[in-house]
Amino acid sequence: DKLHLSEGWKFFHKEAAKEGLVAIPYDSKFGEHSRVYQACKLFLFIPSGGLYGCPLAMTDGAAFVLRKKFSDPEFKSKFGNSDIEKAYHQLISRDPKDFITSGQWMTEKRGGSDVSGATDTVAVPLDVAKDTYSLHGYKWFTSATDSSMSLTLARIVDSKEVDNFGEDGRKKKTSSPLSMFFLRMRKVNDDGEDVLNGLEIVRLKDKMGTKQLPTAELILDGTEAIRISEEGRGVSSIVGMLHITRYHNAISSVAYMRRMTSLAMDFARRRYAFGSNIVQKPLHMLMLRSMELDTRGNLLFVLEFSRLLGLVDVGKASSEDAAVLRVISSLLKLFTAKEGVRLTSEGVECFGGVGVMENSHIPVILRDSQVLPIWEGTTNILSLDLLRACQRESEAIAHLENYLRKNARGGSLLISGMIDRIFSYLKNDMPSLSRDMMEANARKLSFNVSRLLIASVANRVYQEAGKGEFETGDKAVLDHWLNRMEKEYEALELGITEKELREYESLFSNDLGQNLDKRGERRSRL
């Protein structure tokens, strides 16, 4: 159960503390702009940071949740001067000796996205007056296993229910709703020894990418923890952490895009073929230009989100700012992650054979980027988040429309036309669709809104900047994203006939490729 860490990992822990990569928005030296400043520093740090950005994301998320908790007088009265408050100050410390990181344990054997349905970890009361519990369960994917603390979810049960789970991890009967818990990774036992807190490290995960990051399967067998949410309100309590980790996920995506684009541009200036450096070849130059403008647009998305988040952090956000932030959190993560994979894959190709050589260190950028669409919610899951917002938060969607229209002022009619098109669907068409049809459109809708948002922000930046040294670049970004917004628009279905549905289902019938012919039988055996 001993985890061995490299000197490089320890080095980045110290540097992250000294640079205040988590502390910046909490000491709030730059007020509402602190999140933008943090995003810029992380943007520079992550491509060279040996994946230490991952524990920083969860640490920032945990600090965000705990800060909100301690703003509640009742919580402050109960847990002020406790180990929880000490941990909060350690999370945001700039002292390398005092700074700690946090884990986020949510994924179990039955999956990660369906948190409410797939969490089988149970919490048995130890001391109800102190809200202490003993946790028992199996966490299948825990990133940054070397962290000092974690926030996790579990179901509070009577001690007799601890064994109320089958070998496949499925509950034998209905259990209570989830609550959120704070725990330390280690504790001092009765003999005065520093030991793991009722934890067993089963194995480190062998992942396709992010191999620098220690990720493990953990067994919780009597892990001592403190309940810090209302009983049964764990999911709503931890959702703030997800907003922050998705924000960090997006920064990582755009940071890798910038690193790959910069390397590809530098290589193009040095690589000589067919009589000149390849940067002088129109075809290659246009590809690099597209990569550059894609990166700048996605960076605009990240910085706009961080601007809104900074306003919320210091209490200066309007109701519109807060509503837009909630709605676009999922869009930011899903869109930048998919863009990151696409662009880094294109970037590998820019180097030819060199791009797939491990000693060039180019492939690791693509592998690490490939993880980002999965962490903190897959593309489909996050698309459904937008759908839920459309159905449950009509006021927030109205705020989003107003926000986009303000961004579009003075700009191309293409933006206002796209706003009309998308919000006509949301207001007039979607309410009459079946649940299945709405879900079928959710992914297309999410990408359409994301491209529209980037184009609208690019327009606002261009209109506000006026004539100046950055005018040419700002105009190029705006034109590029107007073109993408229009050309890549995905039509939203208003209905699928029963015949079409049967045709779709036939593609996935159980017999396909197994019992239809000998070739299928051989494939089945393989």
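So, is E15 buried, exposed or partly exposed? Before I answer, a word on what we're looking at: this is a predicted model, where local features need pLDDT of at least 70, side-chain atom pairs count only at pLDDT 80 or more, and totals for chains, interfaces and linings use all residues. Numbering runs from 1 along each chain as its sequence is written, and side-chain values use heavy atoms, with hydrogens and water left out.

Okay, E15. It comes out as partly exposed, because its relative accessibility is 22%; the cut-offs are under 20% relative accessible area for buried, over 50% for exposed, and partly exposed in between, with a 1.4 Å probe and protein chains only. E15 sits in helix α1, residues 7-19. Helices here are DSSP runs of H or I, at least four residues, numbered from the N terminus. From E15 to L56 you go 41 residues in sequence, and 12 Å in space, C-alpha to C-alpha.

Now compare R35, over in helix α3, residues 34-45. R35 counts as buried because its relative accessible area is 1%. What does R35 touch, leaving aside neighbours within four places in sequence? With contact meaning heavy atoms within 4.5 Å, R35 meets P25, Y26, D60, F64, I244, Y247, S306, L309, G310 and D313.

M418 is another buried one, at 6% relative accessibility, and you'll find it in helix α14, residues 413-429. Beyond four places in sequence, M418 contacts L452, M485, E486 and Y489.

Quick stop at helix α6, residues 83-91: its buried residues are I84, E85, A87, Y88, Q90 and L91. At the start of α6, a side-chain oxygen of S82 comes within 3.2 Å of the backbone nitrogen of I84.

Last, the second largest pocket, with about 970 Å³ of space. A pocket, on a 1 Å grid over the protein atoms alone, is an open set of points where a 1.4 Å probe fits, with protein on both sides within 12 Å along at least five of seven lines, and lining residues have an atom within 4 Å of a point. The volume is the space filled by probe spheres set on those points, joined across faces, edges and corners. There are 30 lining residues, and V65, K68, K69, S236 and S237 are the closest to the centre. Helix α8 gives the largest share of that lining, 6 residues.

Key: Helices (H or I, at least four residues) and strands (E, at least two) are DSSP runs, numbered from the N terminus. A polar contact is a pair of N or O atoms within 3.5 Å; within protein, one must be able to donate a hydrogen and the other to accept it, and residues adjacent in sequence count only if both atoms are side-chain atoms.
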